[in-house]
Structure formats: structure tokens, C-alpha cells
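I opened the model to go through the strands, a helix and the domains. My notes follow in the order I looked things up.

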Amino acid sequence: MEQLRFIHCADLHIDSPFKGLDHLPQALFKEVKQSTFKALKSLVEVAKTKQVDFVLMVGDVFDQTTQSVYAQMQFLHACEQLNEHNISVYVSFGNHDYIQRDFVNIAYPANVHLFKEEEVTTHVFKKNNQPLATIYGFSYQNQAVYENKTSLFKKTTETPYHIGMLHGSVEQQPEHDTYAPFRLQQLIDKDFDYWALGHIHKRQHLKESPPIIYPGNIQGRSKKETGEKGCYYVELDKASAQLTFMPLQSIRFEQLTINVSEISSIQAIEQAIFKRIQQLGTKGKSFVWVNLEYYTKEVASFYYEGMLADIIDFINEKMMDKKDWIWIQSIDLKGHGFIRKEDYQDGDHFLAQVLQLQESSEEVDQAINPLWKHPKARKYLADLSKEEKADLLESAENILLYQLTRKQNL
Ligand SMILES: [Mn+2]
């Protein structure tokens, strides 16, 4: 039986605007704006090198439903290159790039097969004129698809292989909008050979046999999307599946946590951060969010007196000349640092009362509402996630603790 070799990618988010990073020096911002295109180029290179049969792109190919001509041309160019190498491309669209009625009239080369319907349709992949695999998929035609689509995936052919493309998530995943929800067992019951998923940006294997896989996105876009990003190169036969992760990102997003319990001078803190940043340098261009944990009172005062901002500038300038630059986005305190909560939370003094405050996101809502509901301000403010509210609460608590204790010898 003929083996299948293909690339599974999803959530390319081509032409992401990276709005939150527009404060960067112009040269860096330009590189960031190019990063999704560069990752796409790397994808094409991997497909060519591995001489795959086809590439599956499972939704959110573009970041937005209205695409710039530039983005469309870049995508077309990638498809044409794959066409030159006789590589087919199967594309479905997701919640970010859902197909509108006046859908792009770009003439794609013959190797490109789009899933245009919100119903599940099929394309048959042929090798040496023999039908080898049936590929099933659908595209979003609105910003959201709430129905479970799994009943629409039905084997309709006698091809040796059956592959499902599904942009959606497991029912009741609180962190993500549950679009096109499914239960794992529903996919297993289809008896397909491979489930190519998209929508969740974190790489995940829901099941190994048959493979039910999220490859994650191909380029990180925020501090929540850290580490290597890429696609899977899959070698599939009827007995087994071999999956190899291929990194594609052109810029990494990283979080760095540094223990600064021994540090009490500004010089020592610069050295500690710089050392860790240099170690990262071997991993390629990166944006870094630094968290300082177990911090001393001195470190807290550097932070609240604004001195760490100068450290950021100093290190960023040093790292910017390098080919693989690293750019610190922020340095923040993590946890309570020098205040041992258990030492002060008993009793009825004010510090104890602060520490006894029950953390609740309703209180955060109340506190931030005047700003978030302000007619002018709200245009610029996105809704906060549960984690962001918890972070905000922790920062507020830390400011209070610092201000209440900074003149005392704790
Ligand atoms: Mn996505």
C-alpha cells in the first residue's frame, strides 16, 4: 500500500498586524510584521525539501476576513511554488478568515483545493492517477460556527485513506470560544486515518492512534504563544503514523522567570537578567517577558521606583546589534517576593486585612469599570481574560504591600 506524506498546519494567521507591538523601534516592528509571511516561506521550504504529496491548511490561514492584496499575493506565491513542485494544497477557512459572499476572486493554480462550503465536502487526492486519499473539510462562512459538525463527516469513497480537516475545539474548553465543538470519541468513531485539527494555537496530540492533532500556529503572536511554533510532517501508512514537528517561526515569544532572592544591587540584577538573555540568544530572534520571582525588598524598590525600565533599555540596546536580537518587552515582579504572606496574614492590623482579601474577579470588574466603560477609553481596551484579571489583582496587592511596608524593616 502506498504511503502518504504530507504537511499538516493550521492557524497561519498571515498578515497579523501585531498592534500591541507598535511601540517597537521601526526596524524590529517591520520584522515582526513580516514574521507570519516568513513562517509561510519556511513552510513552503519544508514541503519542498520533504517532497510531500500535499499540504493541509486547517483554517485561519489569514488573520482577517478582509485580506490585503499584499497578503493574498504572498499566499498565491506560496501556492504557485508548491505547484511547481507538484504539491497539492487543501485549504479550509476558520473563524478569523471566514468566507464572505463576495469571496476573493483570485485564480489559484490547479494544485489548490479550497473547501468553500460550510457543509462538509470532499476532495480526492490521486497519486499516479490512482485515488489514494479522501480529504474532508468545511469552511466558516460567518465569524462563528456553533454546531457540532462531526455527524457530517461520513466516508463517501473507497480510497485507502480518509483524512478529516476540522477547525474547532473539544466541547467546553473554557479558555477558547467553543466553535465547531466535538467530542474526541465522535472523531474516533469515524474510523478515519488522520484528524487534522486547527483553532487551538498550542500544539497538542489529542490521540496518537488514529492521530488527532493540533499542530498549533506557525508563528507566535503574543506572550501567551511561547516557544517553537510550526507544522507537522506526517508519514502515514495503514499500519502507523510518524509525526515530525518542524519549527517555522521567524521570531520566538518567550517568558523568562528569574529567581532574584540573592540580589540586592542594581548592578547584580542587570547581570542576572543579561546572563539569562544571552543564553536565550542561541534560540534565534526573540521577544521576552521577564518575571522576577522571590524578589528582595531592594528589587521591589528598583521596580516601583522605575529603575528597571533603564535596565531594559540598556540590555535591549546591547542585544539589538546582534543578528539574533532579543528584545525585552517588560520586567515584572511575580508573586509576593519579600513579603511572606503567612507571617502577616493573621491579626486585625491593616496589612493582615489586605492579605485576607479574597481574590474575586467581580471586584476587579467593579474597579476597572469606570475606565472600561468610559465612552472614549473603551474603544482602545480589550476585554480582560480571567488570568489577566488575576494578574491585575496581584499587581495591585503587591503595590499596596510595598507601599505599606517600604519604610519598615521586615
Ligand atoms: Mn486561530
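I began with I163 and looked for its bridge partner in strand 8; the partner is Y194. The model is a predicted one, so I kept that in mind for everything below. Strand 7 and strand 8 (residues 194-198) are paired in parallel through five bridges.

I then turned to the pairing of strand 7 with strand 6 (residues 130-137). These two also run parallel, and four bridges join them. For A133, I found Y161 as the bridge partner in strand 7.

I checked the two faces separately. On one side Y161, I163, M165 and H167 are buried, and on the other H162, G164 and L166 are, which leaves both faces covered.

I read its order as 4-3-2-1-11-12, and the pairing is mixed. Strand 4 (112-114) and strand 12 (241-247) are at the edges; each has a single partner strand, so one side of each lacks a neighbour in the sheet. On average, neighbouring strands of this sheet are turned by 20° against each other, direction ignored.

Three bridges join the two, and they run parallel. Y90 has H113 as its bridge partner in strand 4.

What packs on this sheet? I found helix 1 (residues 26-50) there, touching strand 1 (4-9), strand 2 (54-58), strand 11 (230-236) and strand 12. The direction of helix 1 makes about 170° with that of strand 1.

I also checked the length of helix 10 (residues 386-405). Its 20 residues, at 1.5 Å a residue, should span 28 Å, and I found the end C-alpha atoms 29 Å apart, which agrees. In helix 10 I noted K389, N398 and L401 as buried.

Last, I looked at the domains. The chain is divided into domain 1 (4-247) and domain 2 (253-405). Their centres, taken over C-alpha atoms, are separated by 36 Å. How many residues of domain 1 are in contact with domain 2? I counted six, in contact with five residues of domain 2. On the domain 1 side of this contact there are one nonpolar, three polar and two charged residues.

Key: Residues numbered from 1 in each chain as written. Predicted model: local features only at pLDDT ≥ 70, side-chain atom pairs only at ≥ 80, totals over all residues. Buried ≥ 20, exposed ≤ 12 C-beta atoms within 10 Å, placed from the backbone. Pairing = 2+ DSSP bridges. Expected span 1.5 Å × (residues − 1). Axes fitted to C-alpha atoms, helices over the stretch in contact; angles between N-to-C directions. Contact = placed C-beta atoms within 7 Å. Domains from an automatic or database assignment. Nonpolar A, V, L, I, M, F, W, Y, C, P; charged D, E, K, R; others polar.
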